[in-house]
Amino acid sequence: MEVDGRTIAHDKNLQTDICIIGAGTAGMTLAHTLINRKCKVILLESGGLKPDKESQILSFGENIGHQYFPLDTARPRGFGGSTNRWFLAMGENHFGARMRPLDSIDFEKRDEIPYSGWPFDKTVLDPYYKRAEDFCKITPSGFQLEDWHDPKKTPPLALDQKTVETVIFKFGSREPFLKDYAKEIIKAKNIKLLLHATVTDIEATENTQKITRVHASCLDGGRFQVSAKIYVLACGGIENARLLLLSNKQQKDGLGNQYDLVGRFFMEHLHFHSGLFIPTDPFLFQKTALYNAVHWIKGVPILGKLALSEHMLRKRKLSNYVMQIKPLITPYSSILNYFYPAMESHGVASLKAFRNSLLRGKVPAEPGKLLLDIRADAKSVFLTGYRNLNKKVLRHLSKKNLHVYTLHHMSEQTPNPESQVMLGLQKDVFGKNRIFLNWRFSPIEIRSAVQSQEIIADELKKTGIGQLFVTMIDALKPHPIYGGWHHMGTTRMNDNPKQGVVDQNCLVHGVSNLYVAGPSVFPTSGYANPCLTIVAMTIKLSEHLKKYFGY
Amino acid sequence: MARWAMVIDLRKCIGCSSCIEICKQVNNVPPENEWRRLVEHTAKEGDNVKRWFVTMNCMHCVNPPCLKVCPTKATYQTKEGIVDIDHKQCIGCGACVLACPYKARSINRRSRMSCYERIDGSKVEVEMHEHIGICRKCNFCKSLIETGLKNGLQPGKDPEATPMCVRYCISEALAFGNIDDPNSKISQILSQNKIVRILEELGTNPVVHYIPDDEI
């Protein structure tokens with residue numbers, strides 16, 4: 001049943017068995033698994049059936065870290081949450097999100113990656129991944145390359161699998177969530193969907209061991225409370241942390257924050273475009289159909305990408321990384337910089353300074369010194385002149401178009417306690433502190449991304465497939481790095497309360513009836529898009545509630 | 001005769017960029033080019049924050065300045081008012097880019113090719129290399145409208161015949177339809193709301209209408 005929260009009597013206290021806060025990917029998945037189970041469920045959603053501007057402003061916040069999307073546009077508040085923004089084209093006018101489970105290595109504690117390691121290995125989550133694939137309608141299940149390529153039409157590149165492997169990404173449509181599951185949740189007799197109800201506070205007992213109720217407010221001034229036996233926080237990676245930090249009446253620093261961990265370890269997947277791959281065979285486009293664009297195999301839209309093997313990740317101590325090669329037809333003149341890169345040297349800089357002064361009609365300040373610099377670095381000066389001349393000549397003479405590949409990279413962000421969601425000084429209309437984000441990443445990711453590209457470049461060269469130009473420099477961040485709207489890690493999972501906010505069942509440490517669902521519990525992120533892992537983890541949580549509470 | 005137009009409700013737009021991302025993908029727009037763009041503004045007064053998002057595409061002006069300056073007549077206007085480019089005629093001179101006051105046009109410096117049709121055994125239709133060096137812009141997903149009309153669908157009402165940005169706007173801020181039909185949804189929206197059009201004073205007579213957010 002769907003109810004507008006604004007119609008509920010002021011200060012009314014609603015009773016239920018399970019209260020789910022947030023109706024996004026995790027909240028909807030959990031609610032759907034609870035349909036017709038022996039429990040009453042209240043599903044609280046801050047927005048309406050569709051995202052609206054009034055609710056969206058509640059997500060407004062500031063970011064003082066690496067440049068990021070405006071926070072109020074990064075996550076729709078409305079029934080379906082982030083599934084509303086699954087807009088990757090899958091062909092035939094379907095849109096969805098990339099889906100892939102995390103790799104086994106992502107669950108391991110890796111010495112080279114601080115704070116890495118999940119409380120369980122991938123085999124624990126594997127059965128839930130299978131169910132998640134079914135839930136996201138991307139079956140037949142499995143991501144083995146053998147099952148998802150056609151040796152004749154979509155063969156993988158012949159690379160050494162011990163070094164570089166082809167990985168399969170599936171694409172799950174948003175339709176099941178926004179149409180089928182949304183309708184089924186609204187129709188379910190044991191579920192009450194309360195819209196336009198923003199949770200502003202989670203109230204606990206004095207010793208904070210148990211949650212007693214949550215306070216919900218509406219934008220029209222209405223407010224009510226929900227008391228439940230179990231509470232599940234499913235508002236996404238930023239709002240989960242914010243709500244725990246805001247609930248500070250009983251625990252000064254926020255619920256579950258006794259060790260100052262809530263909001264820390266904010267992670268995103270680093271997305272960036274960099275470099276170029278020029279194939280030896282000009283007709284390689286026809287042979288890389290597996291990688292070129294989303295295509296349908298066995299009724300599932302899929303795409304192949306290049307990743308480093310686990311063996312290589314361990315050997316070179318790298319964070320996880322994947323590369324998409326995108327075909328591009330481009331004029332020869334537009335890629336001349338790759339063949340004749342500009343040189344920065346002392347002699348060239350002096351020559352430029354000398355020339356610029358003369359062009360302005362002035363004698364350089366220290367002409368002798370500049371001329372000496374030019375003479376001392378004559379080799380670089382001549383080389384630059386040669387390259388520039390070549391570029392100019394070819395730009396005018398060559399009219400041909402080249403078949404090349406641009407590279408789209410996705411890299412794991414390593415956990416970093418300084419990358420943090422905090423409470424800002426500004427307050428929203430409910431008088432609650434707005435988000436203050438400090439997205440930070442460390443040199444490990446950049447080093448890893450550069451080395452991963454170099455390894456793939458070596459492999460492509462060795463096998464004679466082509467030449468990959470790596471344009472990233474280790475010490476510099478590529479321009480620009482952006483996220484994928486994946487907010488992870490802010491209520492990380494660890495069985496030790498000093499190292500994690502929730503345990504392996506997603507129960508907040510020290511609180512007996514508050515669970516967290518969604519990507520905020522991920523201790524590490526891998527490179528895979530988080531939606532499939534969110535759904536798998538939520539199904540696992542649902543099974544836990546069934547096992548321990550009989551729901 | 002239909003006359004196609006668009007309404008963008010600024011009271012509803014949440015700046016999510018879904019329309020832009022979807023447009024880029026379905027029209028194979030290179031990363032450097034954009035057929036739709038988002039202008040955003042923040043007004044802060046203490047804790048009070050107001051956000052304002054305007055998405056812009058080709059305004060499909062009734063008096064398009066781009067049409068007048070095109071030396072090869074590559075830019076043309078359909079009877080239904082859609083301003084489009086015949087890519088075989090375009091020489092990429094850029095005169096229309098300069099003439100458009102809405103920055104709705106750009107020259108394709110490079111292009112991508114989509115290959116998945118080849119896997120399914122059918123012909124590769126999206127070979128975009130012939131579009132390198134010429135001007136491209138929003139055409140209200142003209143092919144969808146034409147195919148829809150042939151199949152008896154009503155653009156603006158039937159999703160299959162409606163421009164993709166309108167069809168997939170998650171906050172339902174965009175509407176499309178025939179403004180010559182007084183019973184169409186868009187005509188009703190236009191008659192019931194205060195409407196503004198961008199740079200109307202230039203006499204371009206754009207058919208993309210905006211419902212302003214009065215709170216800003």
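# Chains A and B: how the terms apply

User: What share of the contacts in chain A with a separation of 6 or more comes from residues 24 or more positions apart?

Analyst: That share is 74%. Two residues are in contact if their C-beta atoms, placed from the backbone, lie within 7 Å. For chain B, 57% of the contacts between residues at least 6 apart in sequence join residues at least 24 apart.

User: What should I keep in mind about this model and its names?

Analyst: The model is predicted: local features need pLDDT of at least 70 and side-chain atom pairs count only at pLDDT 80 or more, while totals for chains, interfaces and linings use all residues. Residues are numbered from 1 along each chain as its sequence is written, chains are lettered from A, and ligands are numbered from 1, in the order in which they are written.

User: How many helices and strands does chain A have, and how do you know whether chain A is as compact as a globular protein of its length?

Analyst: Chain A has 16 helices and 22 strands. These are DSSP runs, numbered from the N terminus: helices are H or I with at least four residues, and strands are E with at least two. The radius of gyration of chain A is 27 Å, close to the 24 Å that the globule rule gives for 551 residues, so chain A is as compact as a globular protein of that length. The radius is taken over C-alpha atoms, and the rule is 2.2 Å times the number of residues to the power 0.38.

User: Why is A:Tyr405 called buried?

Analyst: A residue is buried if 20 or more other C-beta atoms lie within 10 Å of its own, with C-beta atoms placed from the backbone; 12 or fewer makes it exposed, and anything in between partly exposed. A:Tyr405 has 23, so it is buried. A:Tyr405 sits in strand β18 (residues 401-411) of chain A. Beyond its neighbours within four places in sequence, the contacts of A:Tyr405 include A:Phe277 and A:Ile325.

User: What makes strand β17 (residues 321-331) of chain A largely enclosed?

Analyst: Eight of its 11 residues are buried, so the rest of the structure largely encloses β17(A).

User: How do you know that β17(A) and β18(A) pair?

Analyst: Strands pair if DSSP finds at least two bridges between them. β17(A) and β18(A) have 11, in the antiparallel sense, and A:Val322 stands opposite A:Met410 in β18(A). Strand β16 (residues 300-308) of chain A is joined to β17(A) by two bridges, also running antiparallel. Here A:Leu306 has A:Met323 in β17(A) as its bridge partner.

User: Which strands form the open sheet of four, and what makes β2 (13-15) and β10 (198-204) of chain A its edges?

Analyst: The order is β2-β12-β11-β10 (chain A), with mixed pairing. β2 and β10 each have a single partner strand, so one side of each is left without a neighbour in the sheet. β2(A) pairs with strand β12 (residues 223-227) of chain A in the parallel sense over three bridges, with A:Asn13 opposite A:Gln225.

User: How many residues does each chain bring to the contact between chains A and B?

Analyst: Chain B gives 30 residues and chain A gives 34. On the side of chain B that touches chain A, the largest share, five residues, comes from α1(B).
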